[in-house]
Amino acid sequence: RIVTQTDSITFASLYLMDNDTSHISATIIDGELERQVVQIDQSGVNLIGLTIQNGRMQNYGGGIYIGNAADVSLDRLNILNNSTYGVSHRGGGISSQNSPNLRVSNCLIQGNSSDIGGAIYSGYAGSIVAEGNIIKSNYSESFGGALSIESVQGYFSHNTFIENTTNGEGQAIHLGENSSMDMAFNSIYSSSPSNSTISQTSGSN
């Protein structure tokens, strides 16, 4: 498990040195379905070229939890099969609370589950940028099979959303209250057209 204890630190595989993508799947941090995998409480943290898998946590962030930490960057990660549980639990793969300027790029985020935001939840954080990600086969019980934001400005570009599902609203994306988003060059694939791919709560844009 990773728990950050200082600002401006980078955790990376050998991918950072030689750009060999095989290091990403070979460098595994595993929660063994018993614990949260990564907890980030400091600003300026970078995670690069790792596999974060099988995390499980009550309420927030089975894979990665980011709390009160600005300018966090998640790049070239595999975020796989993480989950949350509890009351209105959020962000199976990634959960960000009160953490402005989160960037998620070039990640594979697959098989994660939560009540709100199966893959990613970001709340009260100013902004989130997600670009170049494959977000696949994630599930939420209530809102945002792939992604849910609340009181956040979202910037989403060049992402591919594939077969994310929800029992509620927004198979791909849910905008909560006081949220808005800009989207460019994203692709959304779904075999369940009866549910909306993007949903929003009154008060979002």
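# Sheet, core and salt bridges in a predicted model

Biologist: What is the strand order in the open sheet of seven strands?
Modeller: The order is β3-β6-β10-β14-β17-β20-β24, and the pairing is parallel. Keep in mind that this is a predicted model.

Biologist: Which are the edge strands?
Modeller: β3 (28-30) and β24. Each of them pairs on one side only.

Biologist: And what does the twist average from one strand to the next?
Modeller: The average is 10 degrees.

Biologist: How many bridges join β17 to β20?
Modeller: Three bridges, and the two strands run parallel. β20 covers residues 160-162.

Biologist: Which residue of β20 does I135 stand opposite?
Modeller: I135 faces F161 there.

Biologist: Let's move to N138. Where is N138 placed?
Modeller: In the loop between β17 (134-136) and β18 (139-143).

Biologist: Is N138 buried or exposed?
Modeller: N138 is buried, because its relative accessible area is 1%, and the cut-off for buried is under 20%.

Biologist: Which backbone nitrogens does the N138 side chain reach?
Modeller: Those of G111 and N112. For G111, the nitrogen lies 3.3 Å from a polar atom of the N138 side chain. For N112, the distance is 2.9 Å.

Biologist: What else is N138 in contact with, leaving aside neighbours within four places in sequence?
Modeller: The contacts include I109, Q110, G118 and A119. G145, E163, N164 and T165 are also among them.

Biologist: Now S190. Where is S190 found?
Modeller: S190 sits in the loop between β24 (187-189) and β25 (198-200). S190 is partly exposed, at 30% relative accessible area.

Biologist: Which side chain does the S190 side chain make a polar contact with?
Modeller: That of Q171, at 2.9 Å. Beyond neighbours within four places in sequence, S190 is in contact with E163, Q171 and T197.

Biologist: How far apart in space are S190 and A172?
Modeller: 8.7 Å, C-alpha to C-alpha. In sequence they are 18 residues apart.

Biologist: Another serine, S157. Which strand is S157 in?
Modeller: S157 belongs to β19, which covers residues 147-157. S157 counts as buried, at 18% relative accessibility.

Biologist: What is S157 in contact with, leaving aside neighbours within four places in sequence?
Modeller: A130, E131, G132, A184 and N186.

Biologist: Switching to the core. How many residues has the largest nonpolar core?
Modeller: 37 residues. I40, I64, I66, L74, I94 and I109 have the most contacts inside that core.

Biologist: Which elements give two or more residues to this core?
Modeller: β4 (38-40), β8 (64-67), β13 (102-105), β16 (120-131), β19 and β22 (173-175).

Biologist: Take I40. What does I40 touch, not counting residues up to four places away in sequence?
Modeller: Among them are T4, V45, L47 and V72. I40 also touches I64, Y65, I66, G67 and A69.

Biologist: How many salt bridges does the structure hold?
Modeller: Four.

Biologist: Which residues are linked in a network of salt bridges?
Modeller: E32, E34 and R35. Between E32 and R35, the closest N and O atoms are 3.1 Å apart. R35 counts as partly exposed, at 31% relative accessibility.

Biologist: Which residue does E150 meet in a salt bridge?
Modeller: R90, at 2.8 Å, N to O. E150 lies in β19 and R90 in β11 (residues 83-90), so the pair ties together parts 60 residues apart in sequence.

Biologist: Is E150 buried or exposed? And is R90 buried or exposed?
Modeller: E150 counts as buried, at 18% relative accessibility. R90 is buried too, with a relative accessible area of 17%.

Biologist: What about R103? Which residue does the side chain of R103 meet in a salt bridge?
Modeller: E131, at 2.6 Å, N to O. This pair links distant parts of the chain. R103 is in β13 and E131 in β16, 28 residues apart.

Biologist: How accessible are R103 and E131?
Modeller: R103 counts as partly exposed, at 35% relative accessibility. E131 is partly exposed as well, with a relative accessible area of 27%. E131 is also one of the contacts of S157.

Conventions
Residues are numbered from 1 along each chain as its sequence is written. This is a predicted model: local features need pLDDT of at least 70, side-chain atom pairs count only at pLDDT 80 or more; totals for chains, interfaces and linings use all residues. Side-chain values use heavy atoms; hydrogens and water are left out. Helices (H or I, at least four residues) and strands (E, at least two) are DSSP runs, numbered from the N terminus. Buried means under 20% relative accessible area, exposed over 50%, partly exposed in between (1.4 Å probe, protein chains only). Contact means heavy atoms within 4.5 Å. A polar contact is a pair of N or O atoms within 3.5 Å; within protein, one must be able to donate a hydrogen and the other to accept it, and residues adjacent in sequence count only if both atoms are side-chain atoms. Two strands pair if DSSP finds at least two bridges between them. Axes are lines fitted to C-alpha atoms, for helices over the stretch in contact, and angles run from 0 to 180 degrees between N-to-C directions. A nonpolar core is a set of buried Ala, Val, Leu, Ile, Met, Phe, Trp, Tyr and Cys residues joined through side-chain atoms within 4.5 Å.
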